[in-house]
Amino acid sequence: MVEFLARNGRATLNHLAEAGRAGTLLFRVILGGYRLRRDWSLLLKQLYMVGVLSVAIIVVSGLFIGMVLALQGYNVLVDYGAEESLGPLVALSLLRELGPVVTALLFAGRAGSSLTAEIGLMKATEQLSSLEMMAVDPLKRVIAPRFWAGVICMPLLALMFNAVGILGGFLVGVEWLGVDQGSYWSIMQAAVDWQDDLLNGVIKSVVFALVVTWIAVFKGFDAVPTAEGVSRATTETVVHSSLAVLALDFVLTAVMFG
Amino acid sequence: MEKRKIEVLVGLFIVGALAALLLLALRVVGDNMLDGGNSYRLQARFDNIGGLKERAPVKIGGVVVGRVDNIVLDGQSWVPVVEMVIDSRYSGLSEHSSAAVLTSGLLGEQYVGITPGFIDEEEGTALLKDGGSIRDTKSALVFENLISQFLYNQDNK
């Protein structure tokens, strides 16, 4: 009985300690005096690794999601003779929900996991401690550029996802199924609002970017420095950030549109 | 060299994202069906345009022949003026043609329907030219007015 309580208590304390370490890391990365100008080349490399290399998967997924939305939406709307509303259906679903959320999930799988694995392996091979030996703060040198690159890239990727998705919906809805193209765009324009839809979607993806990148760099930095620990940390990055994104999406949606 | 390549690719990435933002923000699509040379403009004054919007289709007998280009309120007569761009394949409408704001389906989008007028060959009917105006127009049905009329008629019986 006491053993059971002790086990629970230990697990809770471990979780709290982990949360504390994660908070400290975030605090030190954001307020750590990372100088953009001096470390520009480090950030540039990470923008390439995290952003540019993710473009292909984001664009292809966006295209297919837009096309599927148009196809499914058309089948329902055509029964009510309202297939002209396909434009707002596709645009609003993408801008408000699917763009930020699916981009964040893909980003966690594509870039988050590689961030964790890279940092975790650096730790396992003692590169991080070597940096510290040379009086180079690994937080500034390794973690901060990756963190900021993720935070910058993901909203941009989400914008690309949205644009490509709307074009994909246009391809299927207008070119294939024969919705009137003027109606597709004009009703979309009438239904989509700058602040309500576009801006809120961007805010969502900024929040997701912070959370996903934070989880990714923290899991790598906090990994047990063994092969098994790095593998576990990588898995945890994908699982935890996906769950965090979906849960946060509900909260943000309730606040923004509820 | 390697760094140069990365710089260029990151630049491309940022530009691509900005282009996406621009597309989302403006959502302008090239309407190549009706560009400059192959179209002409018509005007029509309605009492009430209902929910008609710019870029809405203009149809004759259900076939899309053009688009609504611009909707302005005439500052003196307080009447909305709808400017339409019509494909020049469909020129030669009689000036007796009429235009109406119609709704596609029960819940659908509103469009402008043009009914071609007669052409009297002996008297010589004028045709609508670029910049011409359709005089015979029918306003959009406003649902609330329809219901209140219906209720009013019920009371009178």
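This note goes through the fold of chain B in a predicted model, from the whole chain down to single residue pairs.

1. Overall make-up. Chain B contains 2 helices and 8 strands. Along the sequence the elements come in the pattern α-β-β-β-β-β-β-β-β-α.

2. Spread of the chain. The radius of gyration of chain B is 22 Å, whereas the globule rule gives 15 Å for 157 residues. The computed value is well over the rule, so chain B is more spread out than a compact globule. Along the principal axes, the C-alpha atoms fill a box of roughly 85 × 50 × 35 Å.

3. Burial and contacts. Of the 157 residues in chain B, 22% count as buried. Among contacts in chain B with a separation of 6 or more, 63% are between residues 24 or more positions apart.

4. The sheet. Chain B has an open sheet of 8 strands, in the order β7-β1-β4-β3-β2-β6-β5-β8. The pairing is mixed. From one strand to the next, the twist averages 30 degrees. As background, strands of a sheet pair through backbone hydrogen bonds, either parallel or antiparallel.

5. The edges. Which strands stand at the edges of the sheet? They are β7 (132-134) and β8 (136-138) of chain B. Each has a single partner strand, so one side of each is left without a neighbour in the sheet.

6. The hairpin. Strand β2 (residues 57-60) and strand β3 (residues 63-73) of chain B pair in the antiparallel sense over 4 bridges. Between β2(B) and β3(B) lie 2 residues, and the two strands form a hairpin. B:G61 sits in the turn and has a positive phi of about 55 degrees.

7. Two partners for β2. On the β3(B) side, B:K59 has B:V64 as its bridge partner. β2(B) is also joined to strand β6 (residues 110-115) of chain B by 2 bridges, and these strands run parallel. In β6(B), the residue opposite B:K59 is B:G113.

8. The next pair along. How many bridges join β3(B) to strand β4 (residues 80-87) of chain B? There are 7, and the two strands run antiparallel. Within this pair, B:V68 stands opposite B:M84 in β4(B). When reading the strands in the model, keep in mind that in a regular strand the side chains alternate between the two faces of the sheet.

Technical notes:
Residues are numbered from 1 along each chain as its sequence is written. Chains are lettered from A and ligands numbered from 1 in the order in which they are written. This is a predicted model: local features need pLDDT of at least 70, side-chain atom pairs count only at pLDDT 80 or more; totals for chains, interfaces and linings use all residues. Two strands pair if DSSP finds at least two bridges between them. The radius of gyration is taken over C-alpha atoms; the globule rule is 2.2 Å times the number of residues to the power 0.38. A residue is buried if 20 or more other C-beta atoms lie within 10 Å of its own, exposed if 12 or fewer, and partly exposed in between; C-beta atoms are placed from the backbone. Two residues are in contact if their C-beta atoms, placed from the backbone, lie within 7 Å. Axes are lines fitted to C-alpha atoms, for helices over the stretch in contact, and angles run from 0 to 180 degrees between N-to-C directions.
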